[in-house]
Amino acid sequence: IKRVTTNTLQEMKNRGEKIAMLTAYDYSMAKIVDDAGMDVILVGDSASNVMAGHETTLPITLDQMIYHASSVVRGASRSLVVVDLPFGSYQGNSKEALNSAIRIMKEAGAHAVKIEGGVEIAESVSRILTAGIPVMGHLGLTPQSIYKFGTYTVRAKEEAEAQKLKEDALKLQELGCFGVVLEKIPAALAKEVTESLQIPTIGIGAGQHCSGQVLVIHDMLGLNKGFRPRFLRQYASLYDVMNEAIKGYVSDVKAEDFPNEKEQY
Ligand code: KIV
Ligand code: NA
C-alpha cells in the first residue's frame, strides 16, 4: 500500500477531498485506525489525558511521547504519522526544538511533528523545517497554554485574537508548514483561514469548512464516558461494550463457568 505523505494531503486539499485524521497512542489501536483507511494518525499529547490520566497535556514527557509514537509507527502501514512535540520540549529555544523533533523522527520513526503556537515559535518551526522534518501547526485552543487561557472554551471570538490567529496561520504557511490544526474556534473564522491558505487546515471544533477533521479516538469511540462537548460526534459506545464484556468475565469466573471443559488442557 502507498503511504500517505504531506504531498498527498496538499493534493487532497487542491482537489477538494477532505482529510481524515484521528489520534492513536499504541500499536493495536494504530493498526485498527490504519486498516480503516485513515489519512493521518496523530500521536497527540492528549495521551497525557487519555492514556496517563492527567488533567492536562502538560505533564507528558518527550520520552513518553516517543514510546507512544514508536508503537503507533509499528502499527501504521498507510497513514501518515504525525507526533506532538510535548510541553517543555521546544519552548526554550530553536535548538532545543530541533533536537526534540529529531528525537521523535529518529527514535520513533515518525513522519512529521506538530507544534502549538504562531509567530512566537517561528524560529523553532523554521529550524525544524530546515532539517527536512515536516511540521504541522496548531492554533486556537492550544491545550499546552490552558493555564494562560484558564478555560477550555472556544477561542478567538474577539476580533483581536481572531486577527492574531489569521496572521499566525499565514506565518506558519510562509515558514513552510504542511498544514495547521485549528482547535475550537468559530466556524466562520476557520472558513476564512482555510480560504486564505494554500495548505490544508484540520479542524477540531472548528466547523465544516476546514480541509479535514481530527478527533481524539477515545472520545469518538465513547471510551471517555463523561466527555461530550458539542463538537464531538460519538461513533460508538465502547465504554459500555467493554464494561459489559468485563462484567461477563467477572461473573463467569465467580460462577466457575470459565474456564469450562473445552477451555483447558
Ligand atoms: O493532542 C491531541 O490529540 C491534539 C488534537 C486534539 C488536535 O492535538
Ligand atoms: Na495535542
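## Gly205, a buried loop glycine

Gly205 counts as buried because 23 C-beta neighbours sit inside 10 Å. The cut-offs behind that word: buried takes 20 or more other C-beta atoms within 10 Å of a residue's own, exposed takes 12 or fewer, and partly exposed falls in between, with C-beta atoms placed from the backbone. You'll find Gly205 in the loop between strand S7 (201-204) and strand S8 (212-215). Helix and strand labels are DSSP runs numbered from the N terminus, with helices (H or I) of at least four residues and strands (E) of at least two.

What does Gly205 touch, leaving out residues up to four places away in sequence? Its contacts are Glu183, Lys184, Pro229 and Phe231; a contact here is two C-beta atoms, placed from the backbone, within 7 Å. Val154 is 51 residues away from Gly205 along the chain, yet their C-alpha atoms are separated by 8.4 Å.

## What kind of model this is

This is a predicted model, in which local features need pLDDT of at least 70 and side-chain atom pairs count only at pLDDT 80 or more, while totals for chains, interfaces and linings use all residues. Residues are numbered from 1 along each chain as its sequence is written, and chains are lettered from A and ligands numbered from 1 in the order in which they are written.

## The chain as a whole

The protein chain has 11 helices and 8 strands. Its radius of gyration is 20 Å, close to the 18 Å from the globule rule for 265 residues, so the chain is as compact as a globular protein of that length. (That radius is taken over C-alpha atoms, and the rule is 2.2 Å times the number of residues to the power 0.38.) Along the principal axes, the C-alpha trace spans about 65 × 40 × 40 Å.

Of the 265 residues, 42% count as buried. Among contacts with a separation of 6 or more, 59% come from residues 24 or more positions apart.

Strand S3 (residues 80-84) is mostly covered, with 5 of its 5 residues buried. Leu80, Val82 and Asp84 are on one side, Val81 and Val83 on the other, and both faces are covered.

S3 runs parallel to strand S2 (residues 40-43), with 4 bridges joining them; Leu42 has Val82 in S3 as its bridge partner. For the record, strands pair if DSSP finds at least two bridges between them. S3 is also joined to strand S4 (residues 112-116) by 3 bridges, again parallel, and Val83 is partnered by Val113 in S4. Getting from S3 to S4, the chain passes through helix H5 (residues 94-108) in a right-handed β-α-β crossover. Right-handed means that, with the strands pointing away from the viewer, the path from the first strand over the helix to the second runs clockwise.

## Ala69 in helix H4

Ala69 lies in helix H4 (residues 62-75) and counts as buried because it has 29 C-beta neighbours inside 10 Å. Beyond residues up to four places away in sequence, Ala69 touches Val43, Val83, Ile104, Ala108 and Ala110. Val43 is 26 residues from Ala69 in sequence, and the two are 6.0 Å apart, C-alpha to C-alpha.

## Strand S7 and its partners

On S7, Thr201 and Gly203 point one way and Ile202 and Ile204 the other, and all are buried. Strand S6 (residues 179-183) and S7 run parallel, joined by 4 bridges, with Gly203 in S7 partnering Leu182. S6, helix H9 (residues 187-196) and S7 make up a right-handed β-α-β unit. S7 and S8 are parallel too, joined by 2 bridges, and Ile202 has Gly212 in S8 as its bridge partner.

## Around ligand 1

Which residues are around ligand 1? They are Thr23, Leu42, Gly44, Asp45, Ser46, Asp84, Val181, Glu183, Ile204, Val214 and Val216; the cut-off is a C-beta atom, placed from the backbone, within 6 Å. By class, the shell has 5 nonpolar, 3 polar and 3 charged residues. Here Ala, Val, Leu, Ile, Met, Phe, Trp, Tyr, Cys and Pro count as nonpolar, Asp, Glu, Lys and Arg as charged, and the others, Gly among them, as polar.

Ala156 has phi near 60 degrees, a positive value in a residue other than glycine. Ala156 sits in the loop between helix H7 (146-149) and helix H8 (159-175), and is buried, with 23 other C-beta atoms within 10 Å.

Glu256 also has phi near 60 degrees, but is exposed, with 8 other C-beta atoms within 10 Å. The peptide bond from Phe258 to Pro259 is cis, with omega near -5 degrees.
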